[in-house]
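Here is a short briefing on one protein chain. Look at the sheet first, then at the helices and the surface.

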Amino acid sequence: MSDVVETRFLPLLPLSTGVVLPQMVVPLGLESDEAKSAADAARAGDGLLVLVPRIETDGGPTGYAKVGTVAKIEEAGRLPGGGRGVLVRGLHRAILGAAVPGFGEGSSGNGLFVHAEPVEDPAGAPSERAQELMKEYRAVVEAILEHRRATPFAEALRGIGDPGALADTAGYSPDLSFEQRIELLETIDVTERLAKALAWARDTLGELELKERIRTDVTDGMEKRQREFMIRQQMDALRKELGEDDDDVAGGYRAKLADLTMPVAVRTAVEREIDRLERTGEQSPEHSWIRTWLDTLTELPWGKRSDDRLDLTEARAILDADHTGLDDVKERIVEHLAVRKLRKDRGLDAVTSGDTADPGPASVAPPRGGSGAILALVGPPGVGKTSLGESVARALGRKFVRVALGGVRDEAEIRGHRRTYVGAQPGRFVRALKEAGTMNPVILLDEVDKLGADWRGDPTSALLEVLDPAQNHTFRDHYAEVDLDLSDVLFLATANVLDTIPGPLLDRMEMLRLDGYTEDEKVTIALGHLLPRQQERNGLQPGEVEVTDDAVRAVVTGYTREAGVRGLERELGRLLRKAATRIAGGSVETLPGAPGGIAKVVIDVDDVAKSLGRAKFYDEAADRTGVPGVATGLAVTGAGGDVLFVEAGSMPAESGGGLAITGQLGDVMKESAEIALSYIRSHAELLGLPAGSFDKKRFHLHVPAGAVPKDGPSAGVTMTTALVSLLTGRPVKSTVGMTGEVTLSGRVLPIGGLKQKVLAAHRAGLTTVILPARNGPDLDDVPEAVREAMTFHLAEDIGQVLGWALEDAPAATVPAEAA
């Protein structure tokens with residue numbers, strides 16, 4: 001420490017921009033008179049002066065640091081610019097005291113002498129704490145030098161063993177501010193000075209490492225993008241060579257989007273996916289998924305609607321031209337059109353589908369233009385339910401789409417598959433809108449009663465939202481993931497039976513029953529619709545084959561026995577194919593009056609059997625009921641109304657009193673048989689049955705056909721009549737059919753499906769039908785022609801049924817009380 005001088009007054013050279021620390025050797029430019037005077041004064045003496053940083057204050061007087069560095073002028077001369085300069089070497093710190101003006105003789109101007117009290121760093125071995133700080137400081141500074149690729153300076157750093165001198169090396173760092181350098185100079189305690197230098201070095205290293213990470217990430221990202229760009233350029237070049245050049249995919253979708261009238265939320269979702277598409281490479285699986293989703297959304301008919309044809313007269317004319325009969329159904333459809341017409345004429349149907357604006361909060365449902373009716377056409381096969389849906393669409397002037405639901409068991413068929421699944425696609429309603437090309441088609445839900453349910457979900461539950469007018473304006477498909485407005489869609493559903501439709505779904509639909517056609521209606525349908533269609537299908541020209549009305553009626557009565565006309569059309573097709581075979585073979589002569597001189601075939605009643613063979617159906621009631629113990633009942637099946645024969649028999653039995661029931665009957669029907677026998681046993685005397693009629697006898701009830709399952713309570717009166725007929729020996733009248741539930745007291749209770757049962761009786765050739773008295777009002781639903789051709793008896797108890805149904809007894813009659 002020989003360089004340390006004693007306390008004395010030394011010339012003060014102020015520093016405005018830098019700080020000189022001990023052991024530093026730096027050149028200084030002497031620009032101010034004050035600096036020149038201080039240098040001259042030092043050179044005039046022993047060359048020592050005090051270097052003190054000048055502290056500028058905002059708006060206040062200029063000050064100086066509390067600690068300066070005693071330095072010695074090693075050289076003096078001219079700088080490259082021509083100005084004066086000196087080379088100084090810092091010796092040690094000095095605490096500044098009082099200052100006095102004037103530099104004395106030899107100085108070039110006035111200045112200050114300052115009292116400098118030298119500060120010497122502690123001698124001897126550094127403390128343990130100082131050693132730890134020195135070791136860590138060297139490591140941090142070496143890391144900084146490595147980041148800056150200045151590793152040679154690390155060797156000089158390792159040669160410094162004095163903690164104070166090591167801490168002062170921080171003054172060389174370009175990262176320290178002027179204020180931090182002054183703070184380093186003013187820190188006398190070596191350990192504290194070293195701790196500050198270490199803290200600042202850590203901050204510098206942290207900033208350098210962050211910059212390095214950012215630079216690395218940016219460089220890697222740029223390299224990756226450049227690599228992908230080069231690969232895409234090469235792929236584009238290959239596509240051009242192969243003739244598979246694609247235009248800008250994202251640009252094409254944006255062009256499509258600009259031409260579509262989408263709701264705001266849907267447009268935002270599509271734009272977001274287009275942005276994702278641009279960021280996704282073509283080799284990524286998501287690229288094809290996003291394109292498929294965008295294709296689906298952009299191909300939907302957003303904002304496109306068919307204008308409703310609200311002319312009620314024209315609509316009724318279209319329905320009448322397409323279908324014969326079904327007046328109740330046609331009337332309900334015309335009512336639907338009338339409601340829409342009134343709402344439109346009175347300004348109640350604003351455009352509220354949200355095509356160009358947000359629909360608002362989900363809790364507030366916007367007013368809808370539709371009447372909210374979901375019509376369900378229920379009836380046996382072949383009555384024209386599906387074709388009626390097409391006629392409704394034609395009458396309205398809308399597009400028609402049929403959605404077949406028979407056998408559907410997967411809930412995703414209704415709501416769509418989520419996009420995360422491979423091969424995902426939207427549900428049937430989204431596809432139906434896409435197929436229709438408008439947002440307000442007529443969608444026919446065909447065979448809604450044949451929906452199933454399993455581990456994949458319950459489609460009927462998914463239909464609840466679709467068929468609810470209060471919810472379907474925000475229907476959300478799992479694949480599309482946007483709200484779809486189905487409120488303007490007219491939904492029609494078809495079903496054969498109602499038993500398999502869940503209650504909540506059934507509650508959302510208005511039932512319109514199509515119970516079947518009468519014989520005259522079938523003849524009219526055949527002449528006006530079925531025959532022209534079959535002539536075209538079989539290559540026959542108009543007028544080439546003539547089928548008389550009597551021939552058609554013979555086919556209706558002898559070869560079909562159904563509620564609809566599907567079987568009738570098949571038989572007529574067979575008939576016309578026989579005629580086509582004759583014409584094609586040249587075995588038909590040209591008849592006068594035939595159009596264009598072509599051959600003409602006339603098919604009359606006598607020709608029907610030759611072409612179709614013997615009749616399949618005949619009035620079998622007379623044969624079946626010719627013996628006691630057989631009664632004709634009426635039933636409703638999935639194919640419409642039908643007649644069934646209940647046969648009763650008895651046989652000797654040791655124990656007696658038993659009852660066998662066959663015919664694949666359900667539990668309810670078996671109970672009806674038990675009730676019938678119990679009633680007869682308890683009222684044997686009133687019914688005029690001989691004493692001992694039940695002694696040692698076992699009874700047997702059979703309902704053909706045995707392979708067809710049957711159930712329901714409406715065969716109760718038929719079973720009772722058959723048993724009484726057996727026990728009394730009085731046959732049942734062959735022209736009588738009956739239906740009704742019977743109680744143990746003999747009351748006859750009402751049943752359902754009356755219209756279908758009456759039509760079945762009429763088709764079977766029955767002329768008298770016995771019905772429960774409480775079903776009397778239901779006869780208004782039966783066509784007038786059928787009511788006029790038949791006789792109806794309304795029974796309140798079983799005694800009346802027996803009086804009307806059984807033939808007169810040869811010797812004795814049923815007591816008056818029973819009749």
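Five strands make an open sheet, ordered β9-β10-β13-β8-β14, with parallel pairing. Its edge strands are β9 (400-404) and β14 (510-513), and each pairs on one side only. From one strand to the next, the twist averages 25°. This is a predicted model: local features need pLDDT of at least 70, side-chain atom pairs count only at pLDDT 80 or more, and totals for chains, interfaces and linings use all residues. Residues are numbered from 1 along each chain as its sequence is written, and side-chain values use heavy atoms, leaving out hydrogens and water.

**Inside the sheet**
- Strands β10 (residues 442-446) and β13 (residues 490-495) run parallel and are joined by four bridges.
- Two strands pair if DSSP finds at least two bridges between them.
- V442 stands opposite L490 in β13.
- Strands of a sheet pair through backbone hydrogen bonds, either parallel or antiparallel.

**A helix across the sheet**
- Helix α14 (residues 428-436) lies across β9, β10 and β13.
- Helix α14 runs at about 155° to β9.
- Axes are lines fitted to C-alpha atoms, for helices over the stretch in contact (heavy atoms within 4.5 Å).
- Angles run from 0 to 180 degrees between N-to-C directions.

**The whole chain**
- The chain has 26 helices and 25 strands.
- These are DSSP runs numbered from the N terminus: helices are H or I with at least four residues, strands are E with at least two.
- Of its 819 residues, 46% count as buried.
- Buried means under 20% relative accessible area, exposed over 50%, and partly exposed in between (1.4 Å probe, protein chains only).
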